[in-house]
Amino acid sequence: MAKNGTWRASYAGGFDLTPFTDFTFAASSTLTGNSYKVQAYDTAGAAVGTTITIAPGSLTYTNADRGVSPAGSLFYTVYAVPPSALGISGTTVGGISIQDNTNNASSTIYLSAIGFFS
């Protein structure tokens, strides 16, 4: 993901979140101070619920911020966001996005293990 880049997955048929307790993703960046916005969407593509912002170094949705990944190795910070924090608990969504909120043009962010889990 590049400066202000967004990863977004959509499914017009909708995805029932009733059985899930967390939306998770892992992020690895080449510079410190990264911030992310997470947003859900309805089946028509309109934003729903609450946009959450994960601040740099915040431990709200992770047990450890791994920081910068040195060249040649990737240290991932795993985030787990309850659907209730996004205002979508027990509903059907049509998509979700993760956006770089850092405005740092020289940082590269790698995402992995994106999904809903219970």
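Reply: Y36 counts as buried, at 3% relative accessibility, where buried means under 20% relative accessible area, exposed over 50% and partly exposed in between, taken with a 1.4 Å probe and protein chains only. This is a predicted model, in which local features need pLDDT of at least 70 and side-chain atom pairs count only at pLDDT 80 or more, while totals for chains, interfaces and linings use all residues. Residues are numbered from 1 along each chain as its sequence is written, and side-chain values use heavy atoms, with hydrogens and water left out.

The rings of Y36 and Y79 have their centres 5.8 Å apart and their planes at 65°, so this pair is edge-to-face; rings of Phe, Tyr and Trp (its six-membered ring) pair if their centres lie within 6.5 Å, and planes under 30 degrees apart count as stacked, over 60 as edge-to-face and the rest as tilted. Y36 belongs to strand β3 and Y79 to strand β5, 43 residues apart, so that the pair links distant parts of the chain; strands (E, at least two residues) are DSSP runs, numbered from the N terminus. Y79 is buried too, at 5% relative accessibility.

By this rule the count comes to eight aromatic pairs. Another of them joins F25 and Y36, whose ring centres are 6.0 Å apart with planes at 80°, so it is also edge-to-face. Because F25 lies in strand β2 and Y36 in strand β3 (residues 36-41), this pair ties together parts eleven residues apart in sequence. F25 is buried, with a relative accessible area of 0%. Finally, F25, Y36 and Y79 belong to one aromatic cluster that also includes F15, F20, F23 and F116.

Key
Helices (H or I, at least four residues) and strands (E, at least two) are DSSP runs, numbered from the N terminus.
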